Amino acid sequence: MKAVTWQSTHQVSVQDVPDPQILDAGDAIVRITSTAICGSDLHLYEVLGPYMEPGDVLGHEAMGVIEQVGSGVTRVRRGDRVVVPFNISCGHCWMCTQGLQSQCETTQVTEHGSGASLFGFSKLYGQVPGGQAELLRVPHAEYGLIAVGSDLPDERYLFLSDILPTAWQGVKYADVPDGGTLAVIGLGPVGQFAARIGVHLGSRVFAIDPVPERRAMAARHGVEVFDQGPDGVKTIREATDGRGPDAVVDAVGMEAHGSPVARAAHQVVGHLPKPVGQRAMETVGVDRLAALHTSLDLVRRGGTVSLSGVYGGVASPMPLLSMFDKQIQLRMGQCNVRAWIDDLLPLVEDPADPLGVTDLITHRLPLEEAASAYAMFQKKHDGCIKVVLDPARR
Ligand SMILES: NC(=O)c1ccc[n+]([C@@H]2O[C@H](COP(=O)([O-])OP(=O)(O)OC[C@H]3O[C@@H](n4cnc5c(N)ncnc54)[C@H](O)[C@@H]3O)[C@@H](O)[C@H]2O)c1
Ligand SMILES: [Zn+2]
Ligand SMILES: [Zn+2]
C-alpha cells in the first residue's frame, strides 16, 4: 500500500510499504478515506527528528471503513464506517476508567517514560505505524474505534480523531466561569476549534495569531481577533477591566513564532546525529516559549492557563515568580479523545454545524501530494489552514 513516511528532518515521502496485517485478536484494519495533517506532525518534521526512523509511517488523524477485524472485535465489523482516535487506549485499565485514555496503562511507552501509544508519533509514543496511508492497523479496536453513520461527509466526523476533542478538552480544562472571558493564543486548527467552542459555550472569546487568514476565519465565528504583539495583549486586557481574561488556552506549543534564539536551537536539534539530538532534547530547554509566556502574562490573577499546544523540552525556563504571585492554575496534556466523544458526536452531526466543522479544511489533496502538503502547511503558504489527504484520489 501507499503511505506517507518520514525520511529526515523536513522530508517526508509517499512510499510503497507492506499492507498491515491483523497481529492480535483486538486489531482491526481500516481502509482510510480521509487523513489530516496536524500541527503535531510538524514537531516530527522538525524538532522531534531524533526520535524518528526513516520509513516510519506518519499520521494520527484518520477515518475510513473497516476491512477486517480480529476475533476479539465484536462491537464493530467489516464495512462499518469509523473514526480512529489518535491515542491507542484499552478502555479497561485504571487510567482509562478515569477518563484519562492518553495515560492508558496498557499501551504506555514505559521505555521512554511516555503515556499511551499514539499512531504515527515517533519512538517516544511507541513507533506505531500511522494513518496517512491507504490502510491502518488499529490495536484495541473494540474500545477505540468510533462508529459513525453513513449519510454525512467525512469532514463532519474526521476531526473527532484529534483536534476537536483536543480543543474541547483545552476549553473544559480552562474552566471559564459562566459568562466569563477566554483568550486563545494561536489560530491553527486547534485554536480555531478552541475559540469556537468557547463562543458556543457562552464565553466572550479573544484570540491572537500572526496570520491574517487565520484571524479572518476565527472572526467569521464570533471571535475577537488580534495580531501577535503587545497591542493585542493590551487591548484584551483593557476589554477585561484591566485584569486579563479568566482563562487562556495556549493552542501554539513548542514551535511558537517570536522566539528567535530557541528557533535556531530547534533547527540544530532537528539536524543533530540521533543520540546527540536525543540528549539535547532530554537535557536542555528546546521549547520556543513565546506563546506560553504570552498566556501566563495575559491571564488574570487567579485565572487558568490551559495548554493544548505540545511542549517537549525538559529544561525550559518558566517565570515561576510571576506564576506563583498571580496564583495561576495550569492544566495541560494530551487529549483523552474517547472521554469527549459523547459530548461531541451530536454537535458534529447537528445540521446547524454549531462548531463550524465544515469551515476549516482549506486543501483536500491526493495522498501522493503529502510532501508538498507538509511544506505548505508548515510555511502557511496558499492560505493553508487544514490539509486533508485522500488516499483514493489520484
Ligand atoms: N494536546 C493534544 O492532544 C494535541 C492534539 C493536537 C494538537 N496539539 C498541539 O496543538 C498545537 C497547535 O496545533 P495546530 O494543528 O493548530 O497547529 P498550527 O501549527 O497550524 O497552529 C499554530 C498556530 O499558532 C500561531 N502562532 C505561532 N506562534 C504564535 C505566537 N507566539 N502567538 C500567537 N500565535 C502564534 C501560528 O501562526 C499558527 O496559526 C501544536 O503544538 C500541536 O502539537 C495538541
Ligand atoms: Zn493531531
Ligand atoms: Zn487503558
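This is a predicted model: local features need pLDDT of at least 70, side-chain atom pairs count only at pLDDT 80 or more; totals for chains, interfaces and linings use all residues.
Q: Which domains does the domain assignment give?
A: The assignment divides the protein into domain 1 (2-162 + 336-390) and domain 2 (164-332). Their C-alpha centres are 24 Å apart.

Q: How many residues does each domain bring to the contact?
A: Domain 1 contributes 30 residues and domain 2 contributes 34 residues. On the side of domain 1 that touches domain 2, α1 and α13 (337-349) each supply at least two residues. The largest share of that side, five residues, belongs to α13.

Q: What is the make-up by class of the side of domain 1 that touches domain 2?
A: That side holds 16 nonpolar, eight polar and six charged residues.

Q: How do strands of a sheet pair?
A: In general, pairing runs through backbone hydrogen bonds, and the strands may be parallel or antiparallel. In this structure, six strands form an open sheet with parallel pairing, in the order β10-β9-β8-β11-β12-β13.

Q: Which strands stand at the edges of this sheet?
A: The edges are taken by β10 (224-226) and β13 (329-332). Each has a single partner strand, so one side of each lacks a neighbour in the sheet. On average, neighbouring strands are turned by 20° against each other, direction ignored.

Q: How many bridges join β11 to β12?
A: Four bridges connect β11 (residues 247-250) with β12 (residues 304-307), and the two strands run parallel. As a specific pair, V248 has V305 in β12 as its bridge partner.

Q: Which helix packs on the sheet, touching β8, β9 and β10?
A: Helix α8 (residues 230-239) does so, touching β8 (181-185), β9 (204-208) and β10. The direction of α8 makes about 150° with that of β10.

Q: What do β14, helix α14 and β15 make?
A: Together, β14, helix α14 (residues 370-379) and β15 form a right-handed β-α-β unit. The strands of this unit, β14 (residues 363-366) and β15 (residues 387-390), pair in the parallel sense over four bridges.

Q: Which residues around ligand 1 come nearest?
A: Of the 35 residues around ligand 1, the nearest are G39, S40, G186, G188 and G253. Two or more residues of the shell come from each of α1 (39-45), α5 (163-174), α6 (189-200) and α11 (290-298). The most come from α1, which gives four residues.

Q: How do the residues of the shell around ligand 1 divide by class, and from which domains are they drawn?
A: The shell comprises 17 nonpolar, 15 polar and three charged residues. Domain 1 and domain 2 each provide at least three residues of the shell around ligand 1.

Notes:
Residues are numbered from 1 along each chain as its sequence is written. Chains are lettered from A and ligands numbered from 1 in the order in which they are written. A residue is near a molecule or strand if its C-beta atom, placed from the backbone, lies within 6 Å of it. Ala, Val, Leu, Ile, Met, Phe, Trp, Tyr, Cys and Pro count as nonpolar, Asp, Glu, Lys and Arg as charged, and the others, Gly among them, as polar. Domain bounds come from an automatic or database domain assignment. Two strands pair if DSSP finds at least two bridges between them. Axes are lines fitted to C-alpha atoms, for helices over the stretch in contact, and angles run from 0 to 180 degrees between N-to-C directions. Two residues are in contact if their C-beta atoms, placed from the backbone, lie within 7 Å. A crossover is right-handed if, with the strands pointing away from the viewer, the path from the first strand over the helix to the second runs clockwise.
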